[in-house]
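Here is a short report on the structure shown below. Keep the sequence and the 3D view open while reading.

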Number of protein chains: 2
Amino acid sequence: MAEALMRRLNSGAADFSVQLDALLAWDSVSNPAVVQTVSEVIAAIKQRGDAALLEYCAAFDRLNINVAAELEIPQSRLLAALDNIDQAQRQALEVAAQRVRDYHQHQRQESWSYTEADGTVLGQQIRPMDRVGLYVPGGKATYPSSVLMNAIPAKVAGVPELIMVSPTPGGELNEMVLAAAAIAGVDRVFTIGGAQAVAALAFGTETIPRVDKIVGPGNIYVATAKQQVFGRVGLDMIAGPSEILVVCDGLTDPDWIAMDLFSQAEHDEDAQSILLCPDAAYLDRVEASIERLLADMPRSEIIRKSLSGRGALIDVADMAEAIELINRIAPEHLELSVEEPEQYLPQIRHAGAIFLGRHTPEALGDYCAGPNHVLPTSGTARFSSPLGVYDFQKRSSLINCSPAGAQNLAQVASVLARGESLVAHAVSAEYRLGVDAKS
Amino acid sequence: MAEALMRRLNSGAADFSVQLDALLAWDSVSNPAVVQTVSEVIAAIKQRGDAALLEYCAAFDRLNINVAAELEIPQSRLLAALDNIDQAQRQALEVAAQRVRDYHQHQRQESWSYTEADGTVLGQQIRPMDRVGLYVPGGKATYPSSVLMNAIPAKVAGVPELIMVSPTPGGELNEMVLAAAAIAGVDRVFTIGGAQAVAALAFGTETIPRVDKIVGPGNIYVATAKQQVFGRVGLDMIAGPSEILVVCDGLTDPDWIAMDLFSQAEHDEDAQSILLCPDAAYLDRVEASIERLLADMPRSEIIRKSLSGRGALIDVADMAEAIELINRIAPEHLELSVEEPEQYLPQIRHAGAIFLGRHTPEALGDYCAGPNHVLPTSGTARFSSPLGVYDFQKRSSLINCSPAGAQNLAQVASVLARGESLVAHAVSAEYRLGVDAKS
């Protein structure tokens, strides 16, 4: 028998914990040359605006235009893309968009307030951001589904102006991406990319409006630029390689599980696919399915490298141990291909998205189930959430003290402020102690 | 007449917009030497854990202990602090804590789900983080109110383990801070600080447990360390200097407004206090109050530097223009010292906290009104929110497809996946097209 494609681990092994840590380890490499280049690009855009932007478009994207206004793709061109694409694909995009919209409506948060007995009103006013920028990569990693997943939550939140940027090397437009932008309700589109696009969105130029938040994936230049504008503009998380953790009870067709592992692995050689099962014989069957099905995959080389480099089949003692490992791994995607999967939900503390049951492969969530496919990677589900409407809303605290309420609160504030030696705070509070306190 | 303490601007001036930009400009200075030192500290903690931690405690905090376990302050010592402090202060802390708790209860978010006609279930499971770290500065900037404001939302979210760290130079404990920790329900306290404390919380040592998120203010070493562990652990925002924007209709006692401006300015020479009013004569009256009241303030020198360096009295045309400026400035604290302040709420898009009416000075919100005093600074209210319970909860998407639902979704996913040349995604979906699709 040939050497196995995927590493096999057993949770009972003495060194299992060390092996698991090694398997999960992922350090994004930062590159000083990239950091330096990006700093220069950002400084140039800040100082010279459109002029610098046009230079970078020419240098990096072979896009030679003289008037910055030509960087914008008009809405009429987006609508034309809807007619240019395959109509079955258009319909699928429209169905997916509607489902994503319906799901995300449930995430909208509303302002709230309450009135205390003394008439004081407390609450929180919740509002959309004014203007959001969406980065869409050019070239091979351009996914129309990603346009839907990033744009729709912003529009459901009520963001009035959603600006998409995407590089168009050599001026070539991607019809599917433009069509997805039209369906998602993107307001304006500019053909810019790279660190210069991030800088233009963060600081604004004569042509590109400054935004309040930038979302969307990008290459190392885009990720580095996002890090450098941190604090100046809101940002989504910076994603690591995509991963799936499948937990199977050994009763799902092994071909299905093999293909679910492939669907993660085909993204990227660094993607991670892990299967947990309490039945070692079933792991053999999945391995056999993998060997048999792999050759037919158009991306078999990427899948092979991903599975052999970062994948694993793990033999666990029982479901209780599987749950423990789920919480330790905090996977981006968790597939529970088991009987009555709902029973395990109360015990699962950390996962970006949970796919329950044998009929819920991750691929459905990637495209059209409704929930977002932008999810926390590399164990960050311990503290992060899927991209959502809440990422495009923000809150203002509301405090409206009645004269009587102010009296009660001012006494407490005065004691605490004097305890912290902040006397102006104390006096400011004390002035409100009586309505006759006016001097 | 002596030169005025605060600069006076008029919104009708030709160069007003440029002047306003200059007034608001704030760039946090990054210091390469600090970045280098912090990198070394983090690397040492990662590699040598407790041993390195004890060395830094000795070097930076004159804290010479040999056993890392002695870094922990036992719960019994926290409870003792409750008896050691002034009992009026204890009572004020307890009242404040209860009000903060009551308010933040309104922010708790609950899991939700819905079932579609074909039996497919979609939703989101909302959970607290497992373990959170709270940084509390040592020395002069140690505020017990800050312990309450950072700790209580985490406990309301249901975080089971809240770890506080605070440096104790020379081993000196701050009774008020320990008492606030006891009242807020902090689970464990360690006497560590600086970049080494951030590193210990982010990576864990033999003694300090690794946390999922770190919150709380700190000096430049702490802020730099937080930037360097970004992505590895959740973080709150990195705060700039505190600011207040007061809008007054000219009918509030000018002493009250002067003192409200002082209460912001006394925090820090870099703090910013701005007053907008459509009545120029009222601005003169506030200026006179400032001149008269300033000398009596224990922190008059800090207030003077803050008001003269970063403060402004701005004469605006009318309330409509004031609202425009509010949204442009996006202040951390907004005080609407006007008649019927509620009428303006629908127009206010950006502010960390809004204090409505003449009886609601910011000082009440700083201590005990209920809302959080950790707020977005430097215009980041455009895209950020007050610290809240939502900062300690996270979400997992839930997708449970019925066999019938999977059929509908698989057709859409298959079309889109093939459009993106992700064939394994397509096949994984297609396997679920019929329950008899098993091979």
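## A salt bridge within chain A

Which side chain meets R358(A) in a salt bridge? The partner is E339(A), with N to O at 2.6 Å. A salt bridge here is a side-chain nitrogen of Lys or Arg within 4 Å of a carboxyl oxygen of Asp or Glu. The pair links distant parts of the chain, 19 residues apart. R358(A) lies in the loop between β14 (353-356) and α14 (362-367) of chain A, and E339(A) in the loop between β13 (333-337) and β14 of chain A. Over all chains, the structure holds 46 salt bridges.

## Basis of the model

This is a predicted model: local features need pLDDT of at least 70, side-chain atom pairs count only at pLDDT 80 or more, and totals for chains, interfaces and linings use all residues. Residues are numbered from 1 along each chain as its sequence is written, chains are lettered from A and ligands numbered from 1 in the order in which they are written, and side-chain values use heavy atoms, with hydrogens and water left out.

Helices (H or I, at least four residues) and strands (E, at least two) are DSSP runs, numbered from the N terminus.

## The interface of chains A and B

Chain A brings 120 residues to the contact, and chain B brings 119 residues. Contact means heavy atoms within 4.5 Å. The buried area is about 10,600 Å², and carbon and sulfur atoms give 57% of that. Buried area is the accessible area (1.4 Å probe) that two parts lose on being put together, summed over both.

Ten salt bridges cross this interface. One of them joins R349(A) to D130(B), with the closest N and O atoms 2.9 Å apart. On the side of chain A that touches chain B, helix α15 (residues 403-419) gives the most, with ten residues. By class, that side has 64 nonpolar, 31 polar and 25 charged residues. Ala, Val, Leu, Ile, Met, Phe, Trp, Tyr, Cys and Pro count as nonpolar, Asp, Glu, Lys and Arg as charged, and the others, Gly among them, as polar.

## Strand pairing

Strands also pair between the chains. Strand β15 (residues 393-400) of chain A runs parallel to strand β14 (residues 353-356) of chain B, joined by three bridges. Within this pairing, I399(A) has F355(B) as its bridge partner. Two strands pair if DSSP finds at least two bridges between them.

Within chain A, six strands form an open sheet of mixed pairing, in the order β2-β7-β6-β5-β8-β9. Its edge strands, β2 (72-73) and β9 (234-235), each pair on one side only. Strand β8 (residues 213-215) and β9(A) pair in parallel over two bridges. There K213(A) stands opposite G234(A).

## Annotated binding sites

An unreviewed UniProt entry places the feature "binding site" at Y135(A), Q196(A) and N219(A). These positions span 85 residues in sequence, yet no two of their C-alpha atoms are more than 12.7 Å apart, so they gather at one spot. Q196(A) sits in helix α8 (residues 194-203).

The unreviewed UniProt entry also lists Q264(A), H267(A), D366(A) and H425(A) under "binding site". They span 162 residues, and the farthest two C-alpha atoms are 56.3 Å apart, so they do not all gather at one spot. Q264(A) is in helix α10 (residues 254-265). UniProt positions follow the numbering used here, feature names are shortened, and annotations may be inferred rather than shown by experiment.
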